[in-house]
Amino acid sequence: EVVSAAGAPSLVDLPAFAPAAAIRDGDAVLLVGEGSDGPATLALEGCPGACVASAGPAWPMARAGVVSAGPYLVGGALVERATHGEDGWRIEPAWELARTHRAPLALLFESGVLVVVAGEDDGGPVPFVELCFPETLTEL
């Protein structure tokens, strides 16, 4: 149910869910985070006017410590790309990282280069920066 008033934010009832990252595509938003049964996704459609929450897409490589940058979910040893189309959201692998990065800093540049900085792994802080290059660079 959506509750709103002119000039006030809309309130959308959500299931037990703690979002960690969000990706927006037009009026659709994909949230990834922790649900009652572990890592999960939640889709919001029609935002901000008539926002409706529903179960998000399957997330085969679900994991904690994921952040977002542009259309990318970054964390663990994997980068995934989330896209929204007529059939809803899809999450697909984009790059494998050389190291595990839980809760890294992720920066997406206009050229399409994704920079993954630090984070943590099972041994503590990760003192590495990884660069992910798209198949073709966007000309600036």
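One aromatic pair turns up in a search of the whole structure. Rings of Phe, Tyr and Trp (its six-membered ring) pair if their centres lie within 6.5 Å; planes under 30 degrees apart count as stacked, over 60 as edge-to-face and the rest as tilted. This is a predicted model, where local features need pLDDT of at least 70, side-chain atom pairs count only at pLDDT 80 or more, and totals for chains, interfaces and linings use all residues. Residues are numbered from 1 along each chain as its sequence is written, and side-chain values use heavy atoms, without hydrogens and water.

**The aromatic pair**
- The ring centres of Y72 and W95 are 5.1 Å apart and the planes are at 40°, so the pair is tilted.
- Y72 lies in strand 8 (residues 72-85) and W95 in strand 9 (residues 88-101), 23 residues apart. Strands (E, at least two residues) are DSSP runs, numbered from the N terminus.
- Y72 is buried at 8% relative accessible area. W95 is buried too, at 18%. Buried means under 20% relative accessible area, exposed over 50%, partly exposed in between (1.4 Å probe, protein chains only).

**Nonpolar cores**
- The largest nonpolar core has 12 residues, including I23, L30, W59 and W89. Such a core is a set of buried Ala, Val, Leu, Ile, Met, Phe, Trp, Tyr and Cys residues joined through side-chain atoms within 4.5 Å.
- Strand 4 gives the largest share, three residues.
- Another core, of 11 residues, lies apart from it and includes W95.

**Confidence**
- Mean pLDDT (the predictor's confidence in each residue, from 0 to 100) is 85 for the chain.
- Over residues 1-8, pLDDT stays under 50.

How values were computed
Contact means heavy atoms within 4.5 Å. Helices (H or I, at least four residues) and strands (E, at least two) are DSSP runs, numbered from the N terminus.
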